[in-house]
Amino acid sequence: MVERRRFGNLIPHLILWVGIALVAFPVYLAFVASTQDNAAIANGQMSLLPGDLFFETYYKTLFVGTSGSTREPVGTMLFNSFVMAMAIAVGKIAISILSAYAIVYFRFRFRMAVFWLIFITLMLPVEVRIYPTYKIAADLNLLDSYSGLTLPLIASATATLLFRQFFMTVPDELLEASRIDGAGPVRFFKDTLLPLSRTNIAALFVILFIYGWNQYLWPLLITTRDDMQTIQIGIRKMITTSDALTEWPVVMATAVLAMLPPVAVVVVMQKLFVRGLVETEK
Amino acid sequence: MQKQAVFQSRLLPLLLIAPQVAIVLVFFYWPAAQAVWQSFLLQDAFGLSTTFIWFENYQDLLRDPDYFNSVVRTFVFSAAIAVCSLSLALLFAVMADKPLRGATAYRTLMIWPYAVAPPVVGVLWVFMLNPSLGVLAQGLRNLGFDWNPLLDGNQAAALVILASVWKQISYNFLFFLAGLQAIPSSVIEAAAIDGARPVRRFWTIVFPLLSPTIFFLIVINVVYAFFDTFGIIDTMTRGGPAKATETLVYKVYLDGLLGGNLGGSAAQSVILMAIVIALTAIQFRFVERKVTY
Amino acid sequence: MADVTLRDVRKTYAGGVEAIKGVSLKVADGAFCVLVGPSGCGKSTLLRMIAGLETVTSGEVDIGGRVVNAVEPAARDIAMVFQNYALYPHMSVYNNMAYGLRNRGLARAEIEARVHEAAQILEIEALLARKPKQLSGGQRQRVAMGRAIVRHPKVFLFDEPLSNLDAKLRIAMRVEIRKLQRRLKTTAVYVTHDQLEAMTLADLLVVMNGGEVEQIGAPLEVYQKPATTFVAAFIGAPPMNLMPAAHAGPNGWADSLPPGAVVGVRPEDLMLGQDAPAGGLRLPLTVEAVEHIGAESFVYGKVSSKAAAGDDVIVRVAADATPALGTSVAVTASRDKLHLFGADGRRLAD
């Protein structure tokens, strides 16, 4: 890099600190609120420093739920969200890597037709076909079930394309060497291709886990029973229309809990996350 | 592009593609086809009889001032969100691209909001800007500003845009930073030797080299504003007050929730699909993509 | 141990392109056969057909008395060393070598014995736990060889295995491959575009061009009696000087040749000197460039005689006899050093 003046770096540092404060402030406020008394918050007399009700609020949030209603405890919602995120991530990776393997490493009739059939789904998010999909899920008896929550969200092409791209870069000689070494298609996949795809799978998993965890519109429609709610749906239902009835510390604790897993994934697995994000959008 | 070395087998590849093809057909093509088909039908109030009416649903929709307003609103939202979050993200990314002490920590601290779900974003901002108890709302009130997004449509729209921008900064930041780091330092050094001062260097060298990234992000941000704002709107304003934050997707959702006009709902979905396909096509057409299909 | 026989082997691709236009060839048990030719001549395709990686359009590929056209590569009892080595990047050196044996269901102890034996021969025992990424080019080459050796195959197939190495290492490995093959007495088929590599390695040299065999023979035989002008120009460096026979005249013998005949003479067979031996060749030259490579020099000259004006000729001379640039010299060759080819490029009977 060019040019380093003595105080040249002061302004960048300053601007970045402003940026970080900007993104962090709402979350800090949520955490602070989750440790305070509801009455103080409702009166608009909230302190900007953490209160002393941390354990009380989080215990209540996780295991009891809001008092005014029959809502499920957030622990159940976290469990549902986790199951959904895992199922979407694992399911998408599994069906995608298999179909990409078929498309790249075999010649069969309608191969290109199948490729385009999958490719076109890249363009249309579930939101644009939401009610017809809902109707089909209802017809198939999938309402209020984990399969109903996950299957329609597994139907997309990004992961297939990513694996296809990756497989195309694997040298042909590796397959030929495997054939001479006596490995058939199943063995080649299991012994060579799958281990080579490890990083890609991990990166994709990180992205898909976040994607699944943060789903909102589809779970909103497909779940009606309280014990099937994901945390994103639960938090919305906690905000009642009249401010007085909203238990803000619990809502904010739920918000913090809802953020925690995906944010932790991003921070801890930052390298994989960045790689996954850049690769899937490419 | 094709592999030269392949396996010979008839049955195995079909077994391998079967799960994905099945899911795509059942949960993608079937509903999409139904949406298109229904958009040509008129169903009576009890769902007892249906008539094929060609494009009448679309004509009704385009004549409906509510729908027209929603289209305009969605595009205004998209533009506002894209412009604000892109410029802020670019500013932060340019700063973070400098050889600073703690550069990686800055990056981590900037990108994590990507992982916050839209409804949570909505809840966070609603809490800060709630007219009666929000910390920021009180500040605004003290400044003499009459803040009440529950009644004032423009303020509600600003609230939604603000929260959406907040969430989108991290994503744009990440891609801008990657784009900046991909610019070879020798090019910048050459510009410095040619006598370009830092600001001029940015606008004449860095910004043009970054334009593919910018274009890509514009498309992505518009798509984001179309779809991912749903969770934010639903937790913040539920489309109100008086439809002031009712975007196209939110309108599809509300109209569907009320039931009633199935054909009209379907037509809305089809128009949305067309918009997304157009955006994707634009992206394929103009952005240099490394992917070869 | 087995011989390899090809009987009128042909390869036509789906588009109608004929890559191999009928090749017949017999490699004796334990012999080292080198397929050499310019890129695109079909030598790699032919090797891959022997390996079973390409289908055979017609003709027969026979390994050890068994026609293997329809046999899977793994069942042909061959081992192959690839140009880019094709090591499994996620497996250790040990596992790279053991993989093929495991797939064949060999006992654990047997696998271990074979891998260690091969590692010992190749002096890579210290590297067994490493991944391919952590190896140098030469070490990877050895592992690729090791993967072939442990299989105790009937035939080794090499597809330009040395072309990714630097010049010095290439020569060292060349010698080692030859020693190894002699020691194991395994039949080998080796593909290269480097004529020097081909000459030094081969028991049996097969020169290919345009999907056809130009000449098969022992390396010296091919060098001394090239069957065609293509072989004459391809084998040997610098290449043989070729010119229309008419340019060499007027000469007693040249006048009796069929029309369109070509006369060739190797750079080392040309002598500086004025007087042509009886029935030999004499060319007056202007020296245009000189390459000093140590004990000898190569002189690049243009012929200045009326009949052959403008022809380029290369002459090898001793270092201390090198003429100066721009001078005029004459070179001669005796009759028995001349190679004569017909208008179709084929060698005329001596």
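Q: What makes a residue buried, partly exposed or exposed?
A: A residue counts as buried if 20 or more other C-beta atoms lie within 10 Å of its own, as exposed if 12 or fewer do, and as partly exposed in between, with the C-beta atoms placed from the backbone. This is a predicted model, in which local features need pLDDT of at least 70 and side-chain atom pairs count only at pLDDT 80 or more, while totals for chains, interfaces and linings use all residues. Residues are numbered from 1 along each chain as its sequence is written, and chains are lettered from A and ligands numbered from 1 in the order in which they are written.

Q: Is Asp8(C) buried or exposed, and what is the value of its phi?
A: Asp8(C) is exposed, because it has 12 other C-beta atoms within 10 Å. Its phi is near 45°, a positive value in a residue other than glycine, and Asp8(C) has its place in strand 1 of chain C. Helices (H or I, at least four residues) and strands (E, at least two) are DSSP runs that are numbered from the N terminus.

Q: Where is Glu123(C) found, and what is its phi?
A: Glu123(C) lies in the loop between helix 3 (108–122) and helix 4 (137–149) of chain C, and has a positive phi of about 55° although it is not a glycine. Glu123(C) is exposed, because 11 other C-beta atoms are within 10 Å.

Q: What is the order of the strands in the open sheet of chain C?
A: Two strands pair if DSSP finds at least two bridges between them. The open sheet has four strands in the order 2-1-4-5, with antiparallel pairing, and its edge strands, each of which pairs on one side only, are strand 2 (18–27) and strand 5 of chain C.

Q: How many bridges join strand 1 of chain C to strand 4 of chain C, and which residue is the partner of Arg10(C)?
A: Strand 1 (residues 4–12) and strand 4 (residues 58–63) of chain C run antiparallel and are joined by five bridges. Arg10(C) has Ser58(C) as its bridge partner in strand 4, and Leu6(C) has Val61(C).

Q: Which residue takes a positive phi in the hairpin of strand 4 and strand 5 of chain C?
A: Gly64(C) takes a positive phi near 60° in this hairpin, which has two residues between the strands. Two bridges join strand 4 to strand 5 (residues 66–67) of chain C, again in antiparallel fashion, and the partner of Asp62(C) in strand 5 is Val67(C).

Q: What are the domains of chain C?
A: Domain bounds come from an automatic or database domain assignment. Chain C is divided into domain 1 (4–228) and domain 2 (238–341), and the centres of these domains, taken over C-alpha atoms, are 39 Å apart. A cis peptide bond, with omega about -10°, joins Ala237(C) and Pro238(C), and Pro238(C) is found in the loop between helix 8 (229–234) and strand 11 (241–244) of chain C.

Q: Which chains share the most contacts?
A: Two residues are in contact if their C-beta atoms, placed from the backbone, lie within 7 Å. Of the two pairs of chains in contact, chains A and B share the most contacts, taking 85 residues from chain B and 82 residues from chain A. Helix 1 (residues 11–38) of chain B gives the most to the side of chain B that touches chain A, with 18 residues.

Q: How many residues of chain C are in contact with chain A?
A: In this contact, 17 residues of chain C meet 14 residues of chain A. Chain B and chain C, by contrast, do not touch, and their nearest C-alpha atoms are 8 Å apart.
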